[in-house]
Amino acid sequence: MAEISVMALYDQTIENHSEFLESLRHRFLDDDRKTALQKFAMKGFPTKKDEEYKYTNIKEITEKDYNFFPKESHNITKEQLDELHLGEENFDWIVFVNGQLHKELSNISIENAEFLSFNYALNDENHKDVFDKYFNTIAAKDLAFTNLNQAYCKYGFFLKVPKNVIIEKPIHVFYLSQNQEENTFYNTRNLLIVEEGAKVEIIESHHNFDSSFVFTNSVTEIFTYQNAKADWHKIQNDSDTSYLVDHTFAKQERDSLTTVNTFTFGGKIIRNNLDFIHNGENINSFMNGITIIGKDQLVDHHTAVHHNTPNCQSYQNYKGIYKDKSHGVFNGKVFVNKIAQKTNAYQQNNNVLLSEGATIDTKPQLEIFADDVKCSHGCTVGQLNKDALFYLRARGISKKEAQALLLYAFANDAMQNIDIEPLKVKIEQLLAEKLEVTMEF
Amino acid sequence: MLNIKNLHARIEDGAQILKGINLEIKPGEVHAIMGPNGAGKSTLSSVIAGKEDYEVTEGEILFQGENIIEDAPEERAHKGIFLSFQYPVEIPGVSVTNFIKAALNENRKANGFEDMPAKEMLGMIREKSEKLGIKKDFLSRSLNEGFSGGEKKRNEIFQMMMLNPKLAILDETDSGLDIDALRIVADGVNQFKNEGNAVLLITHYQRLLNYIEPDYVHVLANGKIIKTGDKSLALELESKGYDWLLN
């Protein structure tokens with residue numbers, strides 16, 4: 001294990017790389033990993049001078065030093081896991097602890113599909129072709145965090161759903177970190193391939209059980225083929241000693257449907273980046289987000305939809321509720337290529353600030369080069385409607401509950417396309433919890 | 001039941017609207033307040049219900065002998081004051097049923113009762129909604145969202161019947177209603193009415209009073225009650241207007 005002296009993350013990434021490579025069984029990616037690290041090293045971490053990080057200061061993350069080699073031992077109990085579950089007994093649970101897949105804690109019933117830990121798939125000769133075809137083909141090659149992930153990725157999962165296979169039960173993937181005395185750095189990498197006519201639904205959540213910090217730098221690539229459907233729900237409700245930078249790239253072929261929902265309730269600093277790439281006609285893409293944060297938390301949602309082909313639709317609906325001194329950022333980009341006629345792109349970002357110390361920076365960005373398109377966008381920042389509040393209170397509902405009810409109503413339409421009932425209930429419970437009420441909506 | 005003494009109120013940091021209201025309502029009574037636009041009718045109902053946009057500068061509001069001026073709107077509701085809104089607020093994502101459940105149980109909790117059992121609640125919802133000719137699917141719709149004017153008012157009366165307050169203030173409940181809807185709403189109020197509770201009607205027009213018979217009619221103008229009479233005063237106002245009283 002490397003000697004960790006106090007040095008910032010940047011230096012550590014250079015310092016630790018050869019030891020990291022030595023620790024791997026597969027070595028066919030070594031050159032790619034080294035190149036990625038060099039690219040990262042040249043520019044380093046983005047700063048506030050970088051347009052994409054203008055409102056999001058990640059210095060707090062990068063100034064710390066981290067252990068790159070998490071201790072594997074843990075004592076996560078079934079009871080602790082049960083608390084994280086959505087309460088639905090028959091969901092598939094995939095449990096990673098300290099980076100390792102733990103089958104004894106998981107409940108894997110997936111049939112007719114290939115599910116492997118990312119590391120196992122990398123080490124497996126049989127999957128070399130799949131990796132050549134998909135891995136790192138849609139992830140950005142010019143970003144600090146994606147390059148860093150490419151250099152260090154090891155944890156995460158690989159799932160390929162073959163043609164016409166419908167996976168009925170949602171798959172909940174847990175990333176747990178426990179028993180780490182030092183701050184720990186995880187580079188998580190997921191690869192999801194949903195072949196023609198197939199269907200799958202993933203729920204992803206990260207949980208840090210320690211008081212030391214966890215920084216997760218996650219990259220996910222999703223490929224959705226013709227007539228296939230992929231839904232990915234991110235529940236972000238981690239501790240105050242958690243940082244998350246997530247890049248998710250989704251490439252869709254004709255007649256496909258992909259959803260990425262992001263529900264953010266906790267974590268110290270969270271940066272979500274979503275890229276949808278259209279590669280065929282009649283594609284539907286959905287991005288919904290509900291954010292409720294407080295204290296001095298920071299959540300940044302960056303989205304980009306690349307309408308490269310005609311007759312496609314994208315819908316983005318992000319709701320944010322900010323308490324205390326929390327800070328929200330929304331930047332939604334829609335690019336419409338000049339051949340992408342009849343594009344229908346919808347983007348909405350609405351925010352409620354519940355305290356004077358809370359701030360939101362919201363920026364819709366549309367670049368349209370086709371002339372026959374329907375694109376709409378809007379963003380609002382406001383406080384709760386006083387008349388509505390009075391209406392509820394005049395019916396005997398206390399101020400706090402009335403506020404919660406109105407905020408639930410506000411956030412509700414970003415929940416419309418969740419078809420997993422226990423997930424909906426969980427989101428509602430988290431809403432109530434964050435708004436400090438005990439009511440059911 | 002309600003005893004308003006020399007009530008002065010203004011919009012927070014703004015104009016004085018109520019300039020010395022005196023009004024006593026006893027159990028079993030129906031009072032109507034009429035008056036020209038801008039007289040302060042809706043302000044009076046909002047001030048009784050505790051809207052925080054208004055500041056009481058003088059006087060008191062006694063409800064069952066207790067001064068309620070310092071009470072929050074929800075506390076007044078818990079004591080038995082109900083305001084039917086002129087413009088009910090739309091709340092997407094919260095169904096009529098869930099809303100009324102929450103409201104009813106909050107009131108019960110404040111008065112030391114357990115939550116009403118779900119079965120009993122549903123039975124009560126069914127009974128009251130049938131009386132008002134409210135269809136089942138209406139109850140699962142989002143509160144007031146996309147409701148017609150008539151549906152909104154009917155929903156207000158439904159809530160009143162569910163909560164069964166001691167004092168119901170109906171603020172312009174007749175406005176925007178066609179004659180059939182008006183009759184249904186009035187039937188609801190008449191069914192609600194008994195010897196132990198009281199109703200305060202705020203209205204522009206006399207026609208509601210054909211269906212709900214008031215014991216007293218008050219004329220509110222320029223922040224004061226300038227005349228009080230019986231039902232015949234409403235008819236007189238209908239034919240003569242307000243000018244003869246104002247000069």
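Two strands count as paired here if DSSP finds at least two bridges between them. Keep that in mind as you walk through this predicted model, starting with the sheet of chain A.

**Stop 1: the sheet of chain A**

Select β3, β4, β6, β8, β10, β12, β14, β16 and β18 of chain A, and you have an open sheet of nine strands, in that order, with mixed pairing. Now colour β3 (114-117) and β18 (359-368) of chain A, the edge strands, each of which pairs on one side only. From one strand to the next, the twist averages 5°.

Next, pick out one pair within the sheet. Strand β12 (residues 269-278) of chain A and strand β14 (residues 298-307) of chain A run parallel and are joined by nine bridges.

**Stop 2**

The crossing of α3(A) and α8(A) is left-handed. To see the contact itself, display side chains on both helices: α3(A) brings A:Asp32, A:Arg33, A:Ala36, A:Leu37, A:Lys39, A:Phe40 and A:Lys43, while α8(A) brings A:Ala144, A:Asn147, A:Leu148, A:Gln150 and A:Ala151. Coloured by type, the residues of this contact between α3(A) and α8(A) come out as six nonpolar, two polar and four charged.

**Stop 3: two domains of chain A**

Zoom out and colour chain A by its domain assignment, with domain 1 at 9-279 and domain 2 at 384-441. The centres of domain 1 and domain 2 of chain A, taken over C-alpha atoms, are separated by 31 Å. Where they meet, 12 residues of domain 1 of chain A are in contact with nine residues of domain 2 of chain A.

Which element gives the most to the side of domain 1 of chain A that touches domain 2 of chain A? Select β11(A), which gives four residues. β7 (199-208), β9 (229-237) and β11 (257-266) of chain A each supply at least two residues of that side. By type, the residues of this side of domain 1 of chain A are five nonpolar, five polar and two charged.

**Stop 4: where chain A touches chain B**

Bring chain B into view. Its contact with chain A takes 20 residues from chain A and 22 residues from chain B. On the chain A side, highlight α9 (386-393) and α10 (399-412), the elements that give two or more residues. The largest share of that side, seven residues, comes from α10(A). Its residues divide into 11 nonpolar, three polar and six charged.

**Stop 5: an enclosed strand in chain B**

Finish on strand β10 (residues 198-202) of chain B. Five of its five residues are buried, so β10(B) is largely enclosed by the rest of the structure. Check both faces: B:Ala198, B:Leu200 and B:Ile202 are buried on one side, and B:Val199 and B:Leu201 on the other.

Strand β3 (residues 30-34) of chain B runs parallel to β10(B), with four bridges between them, and B:Ala32 stands opposite B:Leu201. Strand β9 (residues 167-171) of chain B also runs parallel to β10(B), joined by five bridges, and here B:Ile169 stands opposite B:Leu200.

Definitions and conventions
Residues are numbered from 1 along each chain as its sequence is written. Chains are lettered from A and ligands numbered from 1 in the order in which they are written. This is a predicted model: local features need pLDDT of at least 70, side-chain atom pairs count only at pLDDT 80 or more; totals for chains, interfaces and linings use all residues. Domain bounds come from an automatic or database domain assignment. Two residues are in contact if their C-beta atoms, placed from the backbone, lie within 7 Å. Ala, Val, Leu, Ile, Met, Phe, Trp, Tyr, Cys and Pro count as nonpolar, Asp, Glu, Lys and Arg as charged, and the others, Gly among them, as polar. A crossing is left-handed if the near helix is turned anticlockwise from the far one by less than a right angle, and right-handed if clockwise. Axes are lines fitted to C-alpha atoms, for helices over the stretch in contact, and angles run from 0 to 180 degrees between N-to-C directions. A residue is buried if 20 or more other C-beta atoms lie within 10 Å of its own, exposed if 12 or fewer, and partly exposed in between; C-beta atoms are placed from the backbone.
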